[in-house]
Amino acid sequence: MKKQKMGGREPVQEIVSLNDELFSFVTGDPLAALDERLAMVAGGGSACETFTCASFGGCTSFTCGTFKIN
Amino acid sequence: MLRTSSYTIYVDLPGNDEEMLLVHTYTGAFDRVSRRVATWVRSLEAGRPPKPLYGEWTPEPPSAAGEAVPPSEATIEILHRRGYLTPMSREEEEAFFTQYVEKLHTLYLRRWPTYLFMPTYDCNLRCGYCFQDHMRTDGRFAHLLRRMTPEMADRLFAAMPKIEALHGIPADAEPQVEIGFFGGEPLLAANRPLVEHVIRRGVERGKARFWAISNGTELDAYEDLLSPDLLGSVQITLDGPPDEHDKRRVYAGGQGSWERIARNLRMALDRGIVVAVRTNVDRTNLHGLAALAEEIAAQGWDRYPNFASQVAPIRASNDKTDAKSIFNTWELDRQLTAMRESHPAVAVLGRQDDGLRNQARRIFSRRGLPSFKPSFCSAHTGMYIFDPFGDIYACWEKTGDEKVRVGRVDESSEVHFNFDLRALWQGRTVASNPVCLKCRYNLFCGGGCAVLAADRSGGDFYRNYCDGFAHRFRASVAEAYLDHVEGQAFADKPDAFCDL
């Protein structure tokens with residue numbers, strides 16, 4: 001198994017967020033955020049950028065960024 | 001008073017005894033924390049996670065030794081904000097999660113449907129493990145071996161807006177057509193007029209994308225249709241190097257199929273379409289994977305950016321397949337990972353969990369977001385499979401038996417749904433399944449395959465099918481993180497056609 005490079009050993013931090021930007025897209029109540037998104041697609045728009053996403057036969061959404069919630 | 005969310009995942013980092021990763025299922029947070037913080041978070045769990053009544057359950061990694069010491073107030077605030085700590089009781093959080101999943105699932109249901117056309121149930125190969133083997137070998141199913149007519153295809157196209165209306169899509173919305181071909185063998189040369197007709201009709205409808213799951217033996221009959229704008233992606237199966245493949249992927253007369261497939265595969269790559277090679281593996285052909293990898297390199301296929309590979313476990317879905325010979329997904333992943341150590345060329349073969357690893361790499365490199373799968377696959381959202389008789393099915397594993405069809409299209413293109421069955425498929429989410437509701441991995445897993453869950457549980461559709469997912473998720477995220485930290489190259493490859 002690979003080992004992490006620990007050269008110049010730094011003190012271990014309590015927490016380091018690896019995808020904090022996710023939490024900057026939508027703030028507040030996640031259920032309300034989903035309601036907003038549902039309202040956005042109610043007019044016939046697509047909830048998913050299917051054609052920009054790399055999956056087939058059932059988009060799994062992580063490449064198209066449909067669901068950004070907090 | 002805060003407690004630890006029931007949907008907190010702890011990921012060990014091999015070679016690092018001071019830190020680990022925390023992942024939160026429904027907020028999608030990924031964080032690196034000190035072991036001390038992780039131990040404290042775990043100390044606030046409200047009892048042990050409940051064991052399921054059935055299925056596999058993977059234990060969490062052990063807690064660090066020693067007393068649980070609270071971190072700083074600032075860290076506690078971050079842990080709260082990112083979902084690991086919650087003021088909700090377990091029951092309140094499950095109720096919240098249920099609402100969350102229902103809304104998320106509704107979003108999925110409002111997407112444009114995906115249509116699969118089955119030009120025929122017939123196939124020119126007789127592979128021993130095929131789940132449709134009985135259709136070609138048992139005379140009682142001979143009536144199925146008809147070809148779809150262009151008139152039937154027209155009838156199905158006329159029915160599409162009625163299906164789309166059920167997903168809340170207005171009649172005047174610009175169509176986004178996604179059409180797959182499946183069989184039997186959909187791309188038999190004899191099916192060409194029908195397939196061409198479907199593609200033409202799809203293009204006439206609007207923005208369209210086409211793909212096929214094919215054995216590749218007669219792909220040369222479709223050469224001019226293979227283009228990123230037309231038939232843009234094909235999955236082709238190779239079950240080992242030529243000798244091994246020719247024992248398993250055989251014609252009715254017993255002849256092997258490697259040579260024709262290899263020729264067609266090269267042609268498809270040259271045409272610029274995505275070619276995803278699938279290799280179905282059990283304990284009897286595992287030994288051939290290194291030779292297959294060398295053959296792929298020798299052919300130069302892996303140098304095409306539009307080439308992808310995935311190794312998948314064979315399922316015991318007919319009585320010719322020995323249940324003792326099969327792997328589950330986690331076992332096969334471990335076998336392949338070990339093989340990569342001794343045969344580096346095997347790295348060209350994609351592991352089934354590479355999608356999970358790629359998802360994590362995208363997150364760590366800030367190029368993507370978590371997937372959030374409220375259900376396992378599009379059989380539970382908007383996939384409609386049309387067979388040659390105008391019958392509609394939700395899942396390709398369950399086609400050919402009109403007792404399980406979810407609907408049919410009549411001569412006037414009217415759609416007659418069995419709404420109870422349709423609701424059964426489209427209602428299966430990680431919240432409607434009582435075991436998955438309590439699982440901390442649920443929105444990454446989606447609950448597992450419904451067909452396999454029902455087979456294992458004696459027919460209950462709303463059961464979990466774990467397939468080693470907890471192990472697989474933690475190992476994939478840890479590997480992706482270590483690769484990210486080490487700056488290992490990362491290239492997005494096309495995802496698999498099916499997670500099975």
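Student: What is the mean pLDDT of chain A, and what percentage of its residues reach 70 or more?
Tutor: The mean is 54, and 21% of the residues of chain A reach 70 or more. pLDDT is the predictor's confidence in each residue, on a scale from 0 to 100. This is a predicted model: local features need pLDDT of at least 70, side-chain atom pairs count only at pLDDT 80 or more, and totals for chains, interfaces and linings use all residues. Residues are numbered from 1 along each chain as its sequence is written, while chains are lettered from A and ligands numbered from 1 in the order in which they are written.

Student: What are the mean pLDDT of chain B and the scores of the complex?
Tutor: Chain B has a mean of 90, with 94% of its residues at 70 or more. Residues 52-57 of chain B stay under 50. The predictor gives the complex an ipTM of 0.84 and a pTM of 0.88.

Student: How do you know that β1(A) and β4(B) pair?
Tutor: Strands pair if DSSP finds at least two bridges between them. β1(A) and strand β4 (residues 30-34) of chain B have three, in the antiparallel sense. V16(A) stands opposite R32(B) in β4(B).

Student: What is the strand order of the sheet that holds β1(A)?
Tutor: The order is β1(A)-β4(B)-β3(B)-β2(B), an open sheet of four strands with antiparallel pairing.

Student: Why do β1 of chain A and β2 of chain B stand at the edges?
Tutor: β1 (15-17) of chain A and β2 (8-12) of chain B each have a single partner strand, so one side of each is left without a neighbour in the sheet.

Student: How many bridges join β2(B) to β3 of chain B?
Tutor: Five bridges join β2(B) to strand β3 (residues 19-24) of chain B, and the two run antiparallel. Y10(B) has L22(B) in β3(B) as its bridge partner. The two strands form a hairpin with six residues between them, and G15(B) in the turn has a positive phi of about 85°.

Student: What order do the ten strands of the open sheet of chain B have?
Tutor: The order is β11-β10-β9-β8-β7-β6-β12-β13-β14-β15, with mixed pairing. Strand β6 (residues 114-117) of chain B runs parallel to strand β12 (residues 383-386) of chain B, joined by four bridges. F117(B) stands opposite F386(B) in β12(B).

Student: Why is α5(B) called roughly parallel to α6(B)?
Tutor: Helix α5 (residues 150-166) of chain B and helix α6 (residues 192-205) of chain B pack at about 25°, with axes 9 Å apart. Axes are lines fitted to C-alpha atoms, for helices over the stretch in contact, and angles run from 0 to 180 degrees between N-to-C directions. Angles under 35 degrees count as roughly parallel, over 145 as roughly antiparallel, 65 to 115 as roughly perpendicular and the rest as oblique. So α5(B) is roughly parallel to α6(B).

Student: Why is α11(B) called oblique to α16(B)?
Tutor: Helix α11 (residues 354-364) of chain B and helix α16 (residues 469-485) of chain B pack at about 45°, with axes 8 Å apart. That angle makes α11(B) oblique to α16(B).

Student: What makes S413(B) stand out in its backbone angles?
Tutor: Its phi is near 65°, a positive value in a residue other than glycine. Most residues other than glycine have a negative phi, and most peptide bonds are trans. S413(B) is in the loop between β14 (407-409) and β15 of chain B.

Student: Is the peptide bond from G183(B) to G184(B) cis or trans?
Tutor: That bond is cis, with omega near 15°. G184(B) is found in the loop between β7 (176-181) and α6 of chain B.

Key
Contact = placed C-beta atoms within 7 Å.
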